[in-house]
Amino acid sequence: MATRAALPLTLIAACWAVAGHAQQTGPVTLEASRDYLLGASLSSGRDPFGTNEQKLGLRPIWAFQLGRFRFATSGASALLAQGRESVDSGVSTVLTRSDLLSLSTSLAIDEGRSWKDDPVYGGLPRVRDTVRGRVTAGFTLSPRWSGSLRASQDLLGRDGGLRLDSGLNYRYPLSPQTHWDLSLGLGWANGTYRQTHYGIAPTAAATTGLQAYALGSGFDGASLGWRMTSALNRNWVAYGGLSVYQLQGAVARSPLATSTTTFGATLGLAYRNN
């Protein structure tokens, strides 16, 4: 069994091994480009942990590509990808792609969580920000069905652990410019990730008076989402969607989980140069 310190190195080694295989079997046919996208999204959602209420927020979304490398916020994926390949958030590049399979790697910042202003959980230690290395495999199952599997690992040794996220997507085209997607997701995490994000250590319990809570690896959440995306013209793209997220198993029983089922809605509009 690999140690916690060895896991980031194992993930990086796997990425380089796949990249080497891709180079041996033929070059990845990606055009060098300088595409970019700028926009904003309005979203309503609630953190299932802590005592925060449903919030409405406006935030910028952006993406740009330099050659094989792409940089994107999470909300930009559906917009820059309209009529193109999918885009991971953070810094990403495609290792190999065919009609049935794509494989990419990416780096992204995991912002963690602060309990500072929470009236109940304010004494708990902050979940520290970290950088996650990710490997994502995409599968084309039929003209309308696709699947994905993503592994992400904390690369800075900040108790971020390992996550596996799987997804199943059905896409229904309404026109060449517009489609809607129905997506199902299921997440699994190892004991390090789950204890950091959902557990309460004995020392923290003694300080705050909360009940200590320990949990190991397992499934932590399931999601269902519907989204419509439309290219309004050559440059302007818009989307809107609804989602529901439900905590699973030991995570749903955590003292930190104040709402096991949460709902969200979002609207976005962006300009892209091509």
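Okay, hi everyone. Quick housekeeping: this is a predicted model, where local features need pLDDT of at least 70, side-chain atom pairs count only at pLDDT 80 or more, and totals for chains, interfaces and linings use all residues. Residues are numbered from 1 along each chain as its sequence is written, and side-chain values use heavy atoms, with hydrogens and water left out.

Let's start with the overall picture. The protein chain comes to 5 helices and 12 strands. Those are DSSP runs, numbered from the N terminus: helices are H or I with at least four residues, strands are E with at least two. Of the 274 residues, 40% are buried. Buried means under 20% relative accessible area, exposed means over 50%, and partly exposed is in between, using a 1.4 Å probe and protein chains only. As for contacts, meaning heavy atoms within 4.5 Å, take the ones between residues at least 6 apart in sequence: 57% of them join residues at least 24 apart.

Now, the inside. In soluble globular proteins, nonpolar side chains tend to be buried together. A nonpolar core here is a set of buried Ala, Val, Leu, Ile, Met, Phe, Trp, Tyr and Cys residues joined through side-chain atoms within 4.5 Å. The largest one has 18 residues, and Phe49, Leu124, Ile200 and Leu256 have the most contacts inside it. Three helices each supply at least two residues of this core: H3 (191–198), H4 (202–208) and H5 (249–252). There's also a second, separate core of 9 residues, including Ile61, Leu79, Val237 and Ala270.

So which residues does leucine 124 touch, leaving aside neighbours within four places in sequence? Leucine 124 is in contact with Trp115, Ile200, Ala204, Thr208, Leu210 and Leu256.

Next up, empty space. Rolling a probe the size of a water molecule over the atoms shows where empty space is left. On a 1 Å grid over the protein atoms alone, a cavity is a set of points where a 1.4 Å probe fits but cannot get out, and lining residues have an atom within 4 Å of a point. Grid points are joined across faces, edges and corners, and the volume is the space filled by probe spheres set on the points. The structure holds 1 cavity of 30 Å³ or more, and the largest cavity has a volume of about 30 Å³. Its lining is Asp110, Val127, Arg128, Thr130, Arg158, Gly160, Thr196 and His197.

One of those, histidine 197, sits in helix H3. Is histidine 197 buried or exposed? Histidine 197 counts as buried because its relative accessible area is 8%. Skipping neighbours within four places in sequence, histidine 197 is in contact with Asp110, Arg113, Val127, Gly160 and Leu256.

On to the strands. Two strands pair if DSSP finds at least two bridges between them. S6 (residues 130–140) and S7 (residues 145–154) run antiparallel, joined by 9 bridges, and they form a hairpin with 4 residues between them. Across that pair, arginine 132 stands opposite aspartate 154 in S7. S7 is also joined to S8 (residues 162–173) by 9 bridges, again antiparallel, with tryptophan 145 opposite tyrosine 170 in S8.

The loop between S7 and S8 holds aspartate 159. Most residues other than glycine have a negative phi. Aspartate 159 is not a glycine, yet it has a positive phi of about 60°. Aspartate 159 counts as partly exposed because its relative accessibility is 32%.

S3 runs antiparallel to S2 (residues 55–66) over 4 bridges, and glutamine 65 has arginine 70 as its bridge partner. On S4 (residues 90–97), which S3 pairs with in the antiparallel sense over 4 bridges, the partner of arginine 70 is serine 92.

Last one: leucine 38, in strand S1 (residues 36–45). Leucine 38 counts as exposed because its relative accessibility is 52%. Leaving aside neighbours within four places in sequence, leucine 38 is in contact with Ile61, Trp62, Ala270 and Tyr271.

Technical notes:
On a 1 Å grid over the protein atoms alone, a cavity is a set of points where a 1.4 Å probe fits but cannot get out, and a pocket is an open set with protein on both sides within 12 Å along at least five of seven lines; lining residues have an atom within 4 Å of a point.
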